[in-house]
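The structure is a predicted model.

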Amino acid sequence: MNELKNTLLLDTLNGLTTERTPVWMMRQAGRYLPEYMRLREKYGFFERCQTPELAAEITLQPVDIVGVDAAILFSDILVVPQAMGLEVQLIESKGPLLPEPVKTIADMQRIRVPDVDETLHYVFDAIKLIKQQLNGRVPLIGFAGAPWTLLCYMVQGKGSKTFDEAKIFCYTQPALAHQLLQMITDTTIAYLKGQVKAGADVVQIFDSWGGLLSKGDFETFSLQYIRQIVAALKEEVPTIIFAKGAWHSLESMAATGAHGLGIDWCIEPQMARRFAGNKVTLQGNFDPAKLLSPIPTIQQEVKQMLKAFGGRQHIANLGHGILPNVPVDHARAFVDTVKEFGG
Ligand code: CP3
């Protein structure tokens, strides 16, 4: 494989001291980039995901255009429910729709733990192509949704602020919920191992809806499954858990042995460090909406964030995905300020 020229991200995750803080942005390949929008006019969302040449082109866009220190595979967390047998649509300006969600024992008959080499080979093909095209410039992050966040979509059938139907499913049919979560977990482990085999250098688990659960329910319905995934992967590549809003569980997430933990802007870096302990690397936590501020404000606030993290064991990132209306030069200002910060 190609030797990596930029090892900032991997070194930081492995606890080594680096000359500066690495930087990338969640959802960095996407609608704020005019180059992405041009491809979006021509091809459907899953067509973009399933065509390795398109996925590779989109993955490389933010590396070329904004100069991030890592590429993240262009795909979606919902390709896993799709591979498990559910129909998933992406409705323009509305978000994901699963027309036949899982609610009952009978619905469970429609899903399975698939052979990932059969159903998700296009992701592995994309990764191989991306690695070739990156040619060692920066590492490639693979990813998957956390089982709880995937259950949210598989049961609710669409996006939601509260995911109340998913919660009702878990609280009233816990045995069925755990059966579903375990099926997702088994699929995800095979899927992420396939990504690593194809060339992913790091994997991140997105638990975007982890913060909807209490600490106890987060352990029951989310963390015990994330723990299995981290255990299966952590000897192969560094792992990052991003459980948005689940600050109460930073200590138990650090105890999984994950190399990195993502945090959002609602917790201060010093407090996150106190909860997470000194071993793990923290990733975050710029409020994505702040990228809409004037550039001098962005520069000032990014420096403030870097100081608060203390210049070690930190990956600069947003606290959630970049918004589609962010001007490209604002995204670049975020990245450049991190790169130029003196420590
Ligand atoms: O980070 C990257 O650049 C890689 C690509 C990536 C996408 N989705 C592409 C995408 C990643 C890592 C994801 C993860 C994802 N997808 C999550 C977890 C992270 C998070 O933001 O919380 C979730 C919850 C999803 C589900 C999903 N996919 C939603 C809710 C939506 C619609 C809302 C939105 O942001 O557009 C999508 C669609 C989606 N996934 C788009 C992209 C670029 C937009 C598609 C388009 O309109 O072109």
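## Helix packing and pockets

In this predicted model, helix 15 packs against helix 16 (residues 328-340) at an angle of about 35°, and their axes are 9 Å apart. The crossing of helix 15 past helix 16 is right-handed. On the side of helix 15, the contact is formed by Ile 295, Ile 298, Gln 299, Val 302, Lys 303, Met 305 and Leu 306. Helix 16 contributes Asp 329, His 330, Ala 333, Phe 334, Thr 337 and Val 338. By class, the residues of this contact comprise eight nonpolar, three polar and two charged.

Helix 15 (295-309) also takes part in the lining of the second largest pocket, together with helix 14 (269-276) and strand 8 (281-286), each giving two or more residues. Helix 15 gives the most, with four residues. Nearest the centre of this pocket lie Asn 285, Lys 290, Glu 301, Gln 304 and Met 305.

The largest pocket has Arg 27, Arg 31, Asp 76, Leu 90 and Pro 96 as the lining residues closest to its centre. At least two lining residues each come from helix 2 (34-42), helix 3 (45-50), strand 2 (89-91), strand 3 (95-97) and helix 9 (147-156).

| Pocket | Volume | Lining residues | Classes of lining residues |
|---|---|---|---|
| Second largest pocket | About 260 Å³ | 13 residues | six nonpolar, three polar, four charged |

Methods: Residues are numbered from 1 along each chain as its sequence is written. This is a predicted model: local features need pLDDT of at least 70, side-chain atom pairs count only at pLDDT 80 or more; totals for chains, interfaces and linings use all residues. Side-chain values use heavy atoms; hydrogens and water are left out. On a 1 Å grid over the protein atoms alone, a cavity is a set of points where a 1.4 Å probe fits but cannot get out, and a pocket is an open set with protein on both sides within 12 Å along at least five of seven lines; lining residues have an atom within 4 Å of a point. Grid points are joined across faces, edges and corners, and a volume is the space filled by probe spheres set on the points. Ala, Val, Leu, Ile, Met, Phe, Trp, Tyr, Cys and Pro count as nonpolar, Asp, Glu, Lys and Arg as charged, and the others, Gly among them, as polar. Axes are lines fitted to C-alpha atoms, for helices over the stretch in contact, and angles run from 0 to 180 degrees between N-to-C directions. A crossing is left-handed if the near helix is turned anticlockwise from the far one by less than a right angle, and right-handed if clockwise. Contact means heavy atoms within 4.5 Å.
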